[in-house]
Amino acid sequence: MKRLFPILGVLTAILLSYALYLALVVAPTERTMGDVQRIFYYHVPSAWTAFLLFFINFFASVAYLIKRNPKIDAVAVVSAEVGVVFCTVVLVTGPLWARPVWGIWWTWDIRLTSTLVLWLIYVAYLMLRRFSTSSQTPVLAAALAVFGALDVPLVYFSIWYFRTQHPQPVIGGGGSIDPAMLHVLLINWLAFMCFAFLICWSRYRLEMVRREVEEMQSLESLLELRGAR
Amino acid sequence: MSYLYAAYAATWIIHIFYLSTILTRAKRVRKEADELKRK
(Lines give C-alpha, C1' and ligand atoms only; values in the text may rest on other atoms or scores of the structure.)
Protein backbone atom coordinates (compact mmCIF):
# COMPACT_ATOMS: atom_id res chain seq x y z
CA MET A 1 0.00 0.00 0.00
CA LYS A 2 2.89 2.39 0.80
CA ARG A 3 4.31 1.92 -2.72
CA LEU A 4 0.93 2.67 -4.28
CA PHE A 5 0.69 6.13 -2.68
CA PRO A 6 3.47 7.89 -4.72
CA ILE A 7 2.16 6.30 -7.95
CA LEU A 8 -1.36 7.55 -7.23
CA GLY A 9 0.09 10.92 -6.22
CA VAL A 10 1.84 11.33 -9.61
CA LEU A 11 -1.29 10.17 -11.49
CA THR A 12 -3.45 12.63 -9.53
CA ALA A 13 -1.00 15.48 -10.22
CA ILE A 14 -1.16 14.67 -13.96
CA LEU A 15 -4.98 14.53 -13.84
CA LEU A 16 -5.18 17.85 -11.94
CA SER A 17 -2.86 19.51 -14.48
CA TYR A 18 -4.92 18.13 -17.38
CA ALA A 19 -8.15 19.30 -15.69
CA LEU A 20 -6.64 22.78 -15.20
CA TYR A 21 -5.64 22.88 -18.89
CA LEU A 22 -9.17 21.87 -19.91
CA ALA A 23 -10.74 24.49 -17.63
CA LEU A 24 -8.51 27.38 -18.74
CA VAL A 25 -7.87 26.56 -22.41
CA VAL A 26 -10.20 23.92 -23.88
CA ALA A 27 -13.60 24.76 -22.28
CA PRO A 28 -15.67 27.15 -24.43
CA THR A 29 -16.04 30.73 -23.19
CA GLU A 30 -19.49 31.47 -21.81
CA ARG A 31 -21.25 34.18 -23.85
CA THR A 32 -22.57 36.50 -21.10
CA MET A 33 -20.10 36.01 -18.24
CA GLY A 34 -16.93 35.53 -20.28
CA ASP A 35 -13.82 33.96 -18.74
CA VAL A 36 -14.95 34.49 -15.15
CA GLN A 37 -17.43 31.61 -15.68
CA ARG A 38 -14.39 29.26 -15.64
CA ILE A 39 -14.36 29.62 -11.82
CA PHE A 40 -17.29 27.19 -12.04
CA TYR A 41 -14.82 24.34 -12.90
CA TYR A 42 -13.22 24.68 -9.46
CA HIS A 43 -16.22 25.92 -7.46
CA VAL A 44 -18.72 23.15 -8.34
CA PRO A 45 -16.36 20.11 -8.10
CA SER A 46 -15.12 21.43 -4.73
CA ALA A 47 -18.73 21.68 -3.50
CA TRP A 48 -19.59 18.15 -4.69
CA THR A 49 -16.43 16.77 -3.08
CA ALA A 50 -17.22 18.56 0.20
CA PHE A 51 -20.79 17.14 0.17
CA LEU A 52 -19.48 13.64 -0.43
CA LEU A 53 -16.97 13.96 2.42
CA PHE A 54 -19.68 15.23 4.78
CA PHE A 55 -21.83 12.22 3.80
CA ILE A 56 -18.90 9.89 4.58
CA ASN A 57 -18.59 11.70 7.92
CA PHE A 58 -22.31 11.14 8.53
CA PHE A 59 -22.19 7.39 7.79
CA ALA A 60 -18.96 6.96 9.80
CA SER A 61 -20.53 8.86 12.73
CA VAL A 62 -23.67 6.67 12.68
CA ALA A 63 -21.48 3.55 12.43
CA TYR A 64 -19.34 4.79 15.33
CA LEU A 65 -22.41 5.37 17.51
CA ILE A 66 -23.45 1.76 16.84
CA LYS A 67 -20.11 -0.09 16.88
CA ARG A 68 -17.76 2.26 18.85
CA ASN A 69 -14.85 1.31 16.62
CA PRO A 70 -11.94 3.85 16.84
CA LYS A 71 -10.98 3.23 13.20
CA ILE A 72 -14.45 4.35 12.09
CA ASP A 73 -14.11 7.38 14.36
CA ALA A 74 -10.82 8.24 12.62
CA VAL A 75 -12.59 8.05 9.23
CA ALA A 76 -15.21 10.50 10.57
CA VAL A 77 -12.59 13.02 11.77
CA VAL A 78 -10.59 12.82 8.55
CA SER A 79 -13.62 13.21 6.25
CA ALA A 80 -14.89 16.22 8.25
CA GLU A 81 -11.49 17.92 8.19
CA VAL A 82 -10.92 17.46 4.45
CA GLY A 83 -14.59 18.36 3.83
CA VAL A 84 -14.08 21.68 5.64
CA VAL A 85 -11.06 22.42 3.41
CA PHE A 86 -13.13 21.84 0.24
CA CYS A 87 -16.05 23.82 1.69
CA THR A 88 -13.64 26.71 2.38
CA VAL A 89 -12.66 26.63 -1.30
CA VAL A 90 -16.37 26.86 -2.20
CA LEU A 91 -16.90 29.85 0.12
CA VAL A 92 -13.84 31.67 -1.27
CA THR A 93 -14.34 30.98 -5.00
CA GLY A 94 -18.09 31.77 -4.85
CA PRO A 95 -17.69 35.46 -3.91
CA LEU A 96 -14.81 35.78 -6.43
CA TRP A 97 -17.30 34.72 -9.13
CA ALA A 98 -20.20 36.77 -7.67
CA ARG A 99 -18.34 40.13 -7.59
CA PRO A 100 -17.94 40.55 -11.37
CA VAL A 101 -21.22 38.76 -12.25
CA TRP A 102 -23.67 40.01 -9.57
CA GLY A 103 -21.75 43.16 -8.63
CA ILE A 104 -21.62 42.06 -4.97
CA TRP A 105 -19.32 39.74 -3.02
CA TRP A 106 -22.04 38.19 -0.87
CA THR A 107 -25.80 38.11 -0.36
CA TRP A 108 -27.76 36.46 2.45
CA ASP A 109 -29.50 34.15 0.01
CA ILE A 110 -30.53 30.65 1.20
CA ARG A 111 -27.88 28.74 -0.80
CA LEU A 112 -25.04 30.96 0.35
CA THR A 113 -26.23 31.22 3.96
CA SER A 114 -26.87 27.47 4.33
CA THR A 115 -23.39 26.75 2.90
CA LEU A 116 -21.85 29.13 5.45
CA VAL A 117 -23.86 27.43 8.23
CA LEU A 118 -22.66 24.02 6.97
CA TRP A 119 -19.04 25.21 7.14
CA LEU A 120 -19.60 26.60 10.67
CA ILE A 121 -21.16 23.31 11.85
CA TYR A 122 -18.15 21.29 10.71
CA VAL A 123 -15.67 23.86 12.06
CA ALA A 124 -17.51 23.50 15.42
CA TYR A 125 -17.20 19.70 15.06
CA LEU A 126 -13.43 19.97 14.51
CA MET A 127 -13.04 22.41 17.42
CA LEU A 128 -14.91 19.99 19.67
CA ARG A 129 -12.56 17.20 18.57
CA ARG A 130 -9.50 19.41 19.08
CA PHE A 131 -10.23 21.05 22.43
CA SER A 132 -12.48 18.68 24.39
CA THR A 133 -10.58 16.36 26.72
CA SER A 134 -13.56 14.25 27.78
CA SER A 135 -13.53 10.53 26.99
CA GLN A 136 -17.02 11.05 25.57
CA THR A 137 -15.76 13.47 22.87
CA PRO A 138 -16.04 10.97 19.95
CA VAL A 139 -19.66 10.19 20.94
CA LEU A 140 -20.59 13.89 21.30
CA ALA A 141 -18.87 14.70 18.00
CA ALA A 142 -20.65 11.81 16.24
CA ALA A 143 -24.02 13.09 17.51
CA LEU A 144 -23.18 16.62 16.32
CA ALA A 145 -22.13 15.22 12.91
CA VAL A 146 -25.46 13.39 12.50
CA PHE A 147 -27.36 16.67 13.00
CA GLY A 148 -24.82 18.64 10.95
CA ALA A 149 -25.30 16.33 7.96
CA LEU A 150 -28.96 17.42 7.81
CA ASP A 151 -27.72 20.73 6.40
CA VAL A 152 -26.14 19.03 3.33
CA PRO A 153 -29.46 18.22 1.56
CA LEU A 154 -30.75 21.67 2.59
CA VAL A 155 -27.77 23.29 0.84
CA TYR A 156 -28.13 21.10 -2.24
CA PHE A 157 -31.91 21.36 -2.69
CA SER A 158 -32.25 25.01 -1.55
CA ILE A 159 -31.98 26.23 -5.16
CA TRP A 160 -34.71 23.79 -6.23
CA TYR A 161 -37.33 24.76 -3.69
CA PHE A 162 -36.58 28.38 -2.77
CA ARG A 163 -36.30 31.56 -4.79
CA THR A 164 -32.59 32.29 -4.88
CA GLN A 165 -30.00 34.39 -6.67
CA HIS A 166 -27.69 31.39 -7.07
CA PRO A 167 -27.63 29.78 -10.57
CA GLN A 168 -29.83 26.71 -11.05
CA PRO A 169 -28.23 23.23 -10.87
CA VAL A 170 -26.56 22.23 -14.14
CA ILE A 171 -27.36 18.53 -13.71
CA GLY A 172 -30.89 17.34 -12.96
CA GLY A 173 -32.27 20.80 -12.20
CA GLY A 174 -33.64 23.82 -14.06
CA GLY A 175 -30.28 24.81 -15.57
CA SER A 176 -28.56 23.41 -18.65
CA ILE A 177 -24.96 23.05 -19.75
CA ASP A 178 -23.05 22.73 -23.02
CA PRO A 179 -21.74 19.10 -23.39
CA ALA A 180 -18.15 20.42 -23.80
CA MET A 181 -18.47 22.32 -20.50
CA LEU A 182 -20.00 19.27 -18.79
CA HIS A 183 -17.04 17.14 -19.91
CA VAL A 184 -14.56 19.65 -18.40
CA LEU A 185 -16.64 19.87 -15.22
CA LEU A 186 -16.68 16.07 -14.77
CA ILE A 187 -12.92 15.73 -15.44
CA ASN A 188 -12.26 18.43 -12.83
CA TRP A 189 -14.53 16.65 -10.37
CA LEU A 190 -12.71 13.36 -10.95
CA ALA A 191 -9.36 15.12 -10.41
CA PHE A 192 -10.55 16.73 -7.16
CA MET A 193 -12.01 13.43 -5.95
CA CYS A 194 -8.67 11.66 -6.52
CA PHE A 195 -6.90 14.53 -4.74
CA ALA A 196 -9.34 14.37 -1.81
CA PHE A 197 -8.90 10.58 -1.60
CA LEU A 198 -5.10 10.94 -1.37
CA ILE A 199 -5.34 13.65 1.29
CA CYS A 200 -7.80 11.52 3.29
CA TRP A 201 -5.50 8.51 3.00
CA SER A 202 -2.42 10.33 4.32
CA ARG A 203 -4.46 12.14 7.00
CA TYR A 204 -5.97 8.80 8.14
CA ARG A 205 -2.52 7.26 8.50
CA LEU A 206 -1.39 10.29 10.51
CA GLU A 207 -4.51 10.11 12.70
CA MET A 208 -3.91 6.42 13.52
CA VAL A 209 -0.22 7.04 14.40
CA ARG A 210 -1.21 10.09 16.49
CA ARG A 211 -3.71 8.02 18.47
CA GLU A 212 -1.11 5.28 19.01
CA VAL A 213 1.47 7.81 20.28
CA GLU A 214 -1.15 9.42 22.53
CA GLU A 215 -2.03 6.01 24.01
CA MET A 216 1.63 5.22 24.63
CA GLN A 217 2.14 8.61 26.30
CA SER A 218 -0.78 8.06 28.68
CA LEU A 219 0.47 4.56 29.48
CA GLU A 220 3.92 5.94 30.16
CA SER A 221 2.65 8.67 32.49
CA LEU A 222 0.55 6.04 34.31
CA LEU A 223 3.63 3.86 34.81
CA GLU A 224 5.62 6.89 36.01
CA LEU A 225 2.87 7.67 38.52
CA ARG A 226 2.94 4.09 39.82
CA GLY A 227 6.75 4.22 40.08
CA ALA A 228 6.57 7.44 42.11
CA ARG A 229 4.21 5.75 44.60
CA MET B 1 -9.61 37.63 -15.82
CA SER B 2 -8.13 38.78 -12.48
CA TYR B 3 -11.09 37.25 -10.59
CA LEU B 4 -10.57 33.96 -12.41
CA TYR B 5 -6.88 33.81 -11.55
CA ALA B 6 -7.61 34.94 -7.98
CA ALA B 7 -10.12 32.08 -7.57
CA TYR B 8 -7.74 29.44 -8.97
CA ALA B 9 -4.82 30.79 -6.94
CA ALA B 10 -6.95 30.93 -3.74
CA THR B 11 -7.99 27.28 -4.27
CA TRP B 12 -4.39 26.09 -4.46
CA ILE B 13 -3.24 28.35 -1.62
CA ILE B 14 -5.94 26.78 0.64
CA HIS B 15 -4.96 23.23 -0.38
CA ILE B 16 -1.22 23.85 -0.06
CA PHE B 17 -1.72 25.48 3.35
CA TYR B 18 -3.74 22.47 4.53
CA LEU B 19 -1.13 20.03 3.18
CA SER B 20 1.58 21.96 5.03
CA THR B 21 -0.39 21.64 8.31
CA ILE B 22 -0.57 17.85 7.74
CA LEU B 23 3.21 17.74 7.19
CA THR B 24 3.84 19.80 10.35
CA ARG B 25 1.59 17.52 12.40
CA ALA B 26 3.26 14.42 10.93
CA LYS B 27 6.70 15.77 11.90
CA ARG B 28 5.51 16.48 15.46
CA VAL B 29 3.98 13.01 15.86
CA ARG B 30 7.14 11.37 14.49
CA LYS B 31 9.25 13.38 16.96
CA GLU B 32 7.01 12.34 19.87
CA ALA B 33 7.15 8.68 18.75
CA ASP B 34 10.97 8.84 18.59
CA GLU B 35 11.11 10.35 22.10
CA LEU B 36 8.91 7.53 23.42
CA LYS B 37 11.13 4.90 21.76
CA ARG B 38 14.24 6.45 23.33
CA LYS B 39 12.69 6.16 26.80
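Two residues are in contact if their C-beta atoms, placed from the backbone, lie within 7 Å. The exercises below use this cut-off on a predicted model.

**Exercise 1.** Find which residues of α6(A) are buried, and what covers them.

*Solution.* Begin with the buried positions of α6(A), which are A:Val152, A:Val155 and A:Ile159. Looking next down the axis of α6(A), one finds these buried residues within an arc of 80°, so they line one face of the helix. The face turned away from that buried side carries A:Pro153, A:Trp160 and A:Tyr161, which are exposed. Finally, the cover over the buried residues of α6(A) includes α2 (40–67) and α4 of chain A.

**Exercise 2.** Describe how α4(A) and α6(A) pack, and which residues meet.

*Solution.* Helix α4 (residues 110–131) and helix α6 (residues 151–161), both of chain A, pack at an angle of about 165°, and their axes are 9 Å apart. Since angles over 145 degrees count as roughly antiparallel, α4(A) is roughly antiparallel to α6(A). The crossing of the two helices is left-handed. On the α4(A) side the contact includes A:Val117, A:Leu118 and A:Ile121, while α6(A) brings residues including A:Val152, A:Leu154 and A:Val155. Sorted by class, the residues of this contact are 8 nonpolar, 3 polar and 2 charged.

**Exercise 3.** State how many residues each chain gives to the contact between chains A and B, and describe the side of chain A.

*Solution.* Chain A gives 23 residues and chain B gives 19 residues. Within chain A, α3 (70–102) and α7 (179–228) each supply at least two residues of the side that touches chain B. That side of chain A comprises 13 nonpolar, 4 polar and 6 charged residues.

Technical notes: Residues numbered from 1 in each chain as written. Chains lettered and ligands numbered in written order. Predicted model: local features only at pLDDT ≥ 70, side-chain atom pairs only at ≥ 80, totals over all residues. Axes fitted to C-alpha atoms, helices over the stretch in contact; angles between N-to-C directions. Helix = DSSP H or I, 4+ residues; strand = E, 2+ residues; numbered from the N terminus. Parallel < 35°, antiparallel > 145°, perpendicular 65-115°, else oblique. Left-handed = near helix turned anticlockwise from the far one by under 90°. Nonpolar A, V, L, I, M, F, W, Y, C, P; charged D, E, K, R; others polar. Buried ≥ 20, exposed ≤ 12 C-beta atoms within 10 Å, placed from the backbone. Arc of directions from axis to C-beta.
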